[in-house]
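Here's a quick briefing to read with the model open next to you. Have a look at the chain, then work through the points below.

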Amino acid sequence: MTVGIDEIMQLALTLPVDQRAQVANALLASLDDPADSTEVHEAWTAEITSRVDDITSGRVQTISHDEVKAKLAEDRAARQ
């Protein structure tokens with residue numbers, strides 16, 4: 001006997017929240033292509049390396065968290 005999607009959904013929705021979350025996570029993980037995750041990891045590693053190199057070489061200057069907050073507050077006030 002084949003179980004239809006409607007039956008699966010009805011049964012899944014009767015599960016406790018934590019078990020529904022486990023089912024949802026498993027379903028989402030099943031959509032990921034393992035080859036993609038390797039490519040994504042490599043791309044992020046290259047991006048992070050590039051950004052660290054930019055900072056350590058002095059090509060870019062960092063600003064403090066306080067400066068960022070002040071600039072955001074200034075921009076927000078200007079829009080109001």
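**Helices, a surface patch and salt bridges**

Val52 counts as partly exposed, since its relative accessibility is 44%, a value between the 20% and 50% cut-offs. You'll find Val52 in helix H3. Keep in mind that this is a predicted model.

**The nonpolar patch**
- Val52 belongs to a nonpolar patch on the surface, together with Val40, Trp44 and Ile48.
- Taken together, these four residues have about 400 Å² of accessible area.

**Helix H2**
- H2 covers residues 17–31, which makes 15 residues.
- From its first C-alpha to its last, H2 reaches 21 Å, close to the 21 Å expected at 1.5 Å a residue.
- How many of the 15 residues in H2 are buried? The count is 0, so H2 is hardly covered.

- Asp54 sits in helix H3, which runs over residues 34–57.
- With a relative accessible area of 21%, Asp54 is partly exposed; buried would mean under 20%.
- If you skip neighbours within four places in sequence, Asp54 is in contact with Arg59 and Val60.
- The side chains of Asp54 and Arg59 make a polar contact at 2.9 Å, and the pair also counts as a salt bridge, with 2.9 Å from N to O.
- Arg59 is exposed, at 57% relative accessibility.
- For a sense of distance along the model, the C-alpha atoms of Asp54 and Pro16 are 48 Å apart, and the two residues are separated by 38 residues along the chain.

**Other salt bridges**
- The salt-bridge count comes to 4.
- One of them pairs Glu47 with Arg51, whose closest N and O atoms are 2.7 Å apart.
- Both Glu47 and Arg51 are in helix H3, 4 residues apart, or about one turn of the helix.
- Are these two partners exposed or partly exposed? Glu47 is partly exposed at 32% relative accessibility, whereas Arg51 is exposed at 51%.
- Over in helix H4 (residues 65–79), Lys71 and Glu74 are about one helical turn apart because they are 3 residues from each other.
- The side chains of Lys71 and Glu74 meet in a salt bridge, at 3.9 Å from N to O.
- Lys71 is partly exposed, with a relative accessible area of 43%, while Glu74 is exposed, at 51%.

Terms used. Residues are numbered from 1 along each chain as its sequence is written. This is a predicted model: local features need pLDDT of at least 70, side-chain atom pairs count only at pLDDT 80 or more; totals for chains, interfaces and linings use all residues. Side-chain values use heavy atoms; hydrogens and water are left out. Helices (H or I, at least four residues) and strands (E, at least two) are DSSP runs, numbered from the N terminus. The expected span of a helix is 1.5 Å times one less than its number of residues. Buried means under 20% relative accessible area, exposed over 50%, partly exposed in between (1.4 Å probe, protein chains only). Contact means heavy atoms within 4.5 Å. A polar contact is a pair of N or O atoms within 3.5 Å; within protein, one must be able to donate a hydrogen and the other to accept it, and residues adjacent in sequence count only if both atoms are side-chain atoms. Patches are made of residues with over 30% relative accessible area and no salt bridge: like charges are joined within 9 Å, nonpolar side chains (Val, Leu, Ile, Met, Phe, Trp, Tyr) within 5 Å. Accessible areas come from the Shrake-Rupley method with a 1.4 Å probe; for residues, only the protein chains shown count as cover.
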